[in-house]
Amino acid sequence: MMLLVLIFAATLFVAYANGANDNFKGVATLYGSGVATYKQAITLATASTLAGSVSSVFLAAELVRMFSGKGLVPNAIAASPHFLLAVAIGAGCTVILATLLAFPISTTHSLTGALVGAGAMAAGRELNLGVLGGAFFLPLLLSPLVALTLTVISYRLLRRFSAKRRAREQSCLCVGEERVLLPIPAMAFAGVSSSPAVRVTVSTGSNADCAARYPGRIWGVSVQRLLTAAHFVSAAVLSFARGLNDTPKIVALMVVVQALDILLGMLAVALAMAAGGLLNARKVAHTMSRKIASMSDGQAFTANLVTGMLVIAASRFGLPVSTTHVSVGAISGVGVVNGSVNTGVLRNIVLSWLLTLPIAAAIAALAWELIQA
């Protein structure tokens, strides 16, 4: 009984770490483009992710089976509480460590690494590494490249459409008052060397200072208002997709040993994910929203739309893609389009992805040894 309680607690720890690292990714473009405040963005992310988590009961059962370890290790080991506990510890520790360091990594990748590490210790030569190639690694490696490519293509197509409707993005000038210090002769006022004055200045504005606007109307509706509404909807869709894709992977840790009914398990995981996002998402949020690339409203909307559609499709067909990889790929696509991609930050993120699997595997293997001792 105590072992089942530990598995339940460890699974919720993975869910909490997942929420802290992943919840904001669905709304990163809202915050990054200045359309929403941090509080508005994280609230939308939490509600939409919760809806996706509940829906996964009906739409993503295949992912529960895939991340149970069956096929990778013998069924007897996959159903072992010790094995699942080691996997949960390996994945949870890896994700929470990355979160504290502000790296947006993949819970999917962490779980995969933990399954391999614990599986290697538990099954030895019976570990079926052949399953990892097509079922796990190929979707994880290809998904960010597909997302980047589709974002570039989609944005250019949408840009052509908006140009025909005379609703292309426009830059702006910032005109206003600026306080400056004007020198005053020291002989006039002893001890006073300057005095505030006001002058009018004109300068070009960056996206951070002056949001790009989309003039004109489509079907009688303001283009800017329509785009902003579509951006919010796309962010909600992406957060929904993330909940749909990630929840069953985590629930698999407790369902296999029947520690909890699948519906109750998904609800528990959903609540833990929500808590993680609300309490520990700010560091990763800053990396995703502000450090990879700058973006306008239209570019951000395109990235969200591509990411949401890819993740929903992958969840429906049981492909274990990472929302993190897809989202970073799409945001990088925006950076390619507008020339703002930060290659240094992107390089560090990719490096963290490469380290995720071996770190998770090592922690899970160590956890297995300690549990068996």
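What share of the 373 residues in the protein do buried residues make up?

1. Buried residues account for 50% of the 373 residues, where buried means under 20% relative accessible area, exposed means over 50%, and partly exposed lies in between (1.4 Å probe, protein chains only). This is a predicted model, in which local features need pLDDT of at least 70 and side-chain atom pairs count only at pLDDT 80 or more, while totals for chains, interfaces and linings use all residues. Residues are numbered from 1 along each chain as its sequence is written, and side-chain values use heavy atoms, with hydrogens and water left out.

2. The protein has 14 helices and four strands, these being DSSP runs numbered from the N terminus (helices are H or I with at least four residues, strands are E with at least two). Of the contacts with a separation of 6 or more, 82% are between residues 24 or more positions apart, a contact being heavy atoms within 4.5 Å.

3. The largest nonpolar core has 39 residues, and Phe24, Val27, Tyr38, Met288, Ile292, Val328 and Ile331 have the most contacts inside it; such a core is a set of buried Ala, Val, Leu, Ile, Met, Phe, Trp, Tyr and Cys residues joined through side-chain atoms within 4.5 Å. Several helices each supply at least two residues of this core, including helix 2 (28-32), helix 9 (223-255) and helix 14 (343-372), and its largest share, five residues, comes from helix 13.

4. Leaving aside neighbours within four places in sequence, Phe24 is in contact with Tyr31, Tyr38, Ala41, Ile42, Ala281, Ala285 and Ser289. Apart from the core described above lies another core, of 33 residues, among them Ala78, Met254, Met266 and Ala364.

5. Ser143 is found in helix 8 (residues 130-164) and counts as buried because its relative accessible area is 6%. Beyond its neighbours within four places in sequence, Ser143 is in contact with Val321, His325 and Val326.

6. On the surface, Leu50, Val54, Leu263, Leu264, Leu267 and Leu271 form a nonpolar patch with about 490 Å² of accessible area together, areas being computed by the Shrake-Rupley method with a 1.4 Å probe, and for residues only the protein chains shown count as cover. Helix 10 gives the largest share of the patch, four residues, while Val54 has its place in helix 3 and is partly exposed, with a relative accessible area of 33%.

Definitions and conventions
Patch = residues over 30% accessible without salt bridge, like charges linked within 9 Å, V, L, I, M, F, W, Y side chains within 5 Å. Salt bridge = Lys/Arg side-chain N within 4 Å of Asp/Glu carboxyl O.
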